[in-house]
Amino acid sequence: MATLLSPIVAACALALATAVACAPANAATPVAHPKASAVLAAEAAKKPAKAASKKSSKKAKAAAAGTAAAVTAAAVAADPLEVDEPDITDTKTTEYDCELGNKITIYTNDNDAAHIALRWKTRLHRLARIGTTTGALRFENPHYGLIWIGIPSKGILLDSKLNRQLANECKNATQSAIVATAAPEASKT
């Protein structure tokens, strides 16, 4: 029995030593990330204790509103071009008709080839150009997760946050005209 117990005790001692050696040195004092603490504070303010009175509930709502405003202000300070709607004065407008009846409008400025403004539904978004090796036009807005990819035959709008297509087979007037003239030639063969 003693010979069987010795390997088990040795294995337990080894496991305990490994656990102690692998534990982080600062495990007792966790460091909070600034953004995480702001989000946690906002969530805590949204859910006041049930036993709290109406006055403390109003204070919590005011604190939540202040925290939400601070988070929004921090996002704008980080990159205001991604959050605010862009100015579309002095721009060229291109209308795209997509499948399923979706419509997209793209505003381009000759002086700024690195950005476009894209109207999707009722919101205007500013997207920045991302370089590609294929020659396709790719514009992104990481704040909203929008990606516009334009190739000579069509465009596509993607949502990178939900990993899905928002609009596909988007064609402007010239792209639609090319398809319309190519269709009769294809039927001749």
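Leaving aside its neighbours within four places in sequence, with which residues is I104 in contact?

A: The model is predicted: local features need pLDDT of at least 70, side-chain atom pairs count only at pLDDT 80 or more, and totals for chains, interfaces and linings use all residues. Residues are numbered from 1 along each chain as its sequence is written, and side-chain values use heavy atoms, with hydrogens and water left out.

Apart from neighbours within four places in sequence, I104 is in contact with T94, E95, Y96, C98, L118, R119, W120, W148, L157, A167 and C170; contact means heavy atoms within 4.5 Å. I104 is also among the residues with the most contacts inside the largest nonpolar core, together with L118, W148 and L157. This core has 15 residues. Two or more residues come from each of β2 (103-109), β3 (112-120), β6 and β8. A nonpolar core is a set of buried Ala, Val, Leu, Ile, Met, Phe, Trp, Tyr and Cys residues joined through side-chain atoms within 4.5 Å, where buried means under 20% relative accessible area with a 1.4 Å probe, protein chains only. In soluble globular proteins, nonpolar side chains tend to be buried together.

The strands belong to an open sheet of eight, in the order β1-β2-β3-β4-β5-β6-β7-β8, with antiparallel pairing. Its edge strands, β1 (92-97) and β8, each pair on one side only. From one strand to the next the twist averages 25 degrees. Strands are DSSP runs of E, at least two residues, numbered from the N terminus; helices are runs of H or I, at least four. Two strands pair if DSSP finds at least two bridges between them.

Within the sheet, β4 (residues 123-130) and β5 (residues 137-141) pair over three bridges. A128 stands opposite E140, and R129 stands opposite F139. The hairpin of β4 and β5 has six residues between the strands, and G135 in the turn has a positive phi of about 95 degrees. Four residues lie between β5 and β6 in their hairpin, where G145 in the turn has a positive phi of about 80 degrees.

N172 is found in the loop between β8 (164-170) and α5 (173-188). Beyond neighbours within four places in sequence, N172 is in contact with T94, E95 and Y96, residues that I104 also contacts. N172 is buried, with a relative accessible area of 14%. Its side chain reaches the backbone nitrogen of Q175 at 2.9 Å.

Technical notes: Buried means under 20% relative accessible area, exposed over 50%, partly exposed in between (1.4 Å probe, protein chains only). A polar contact is a pair of N or O atoms within 3.5 Å; within protein, one must be able to donate a hydrogen and the other to accept it, and residues adjacent in sequence count only if both atoms are side-chain atoms. Axes are lines fitted to C-alpha atoms, for helices over the stretch in contact, and angles run from 0 to 180 degrees between N-to-C directions.
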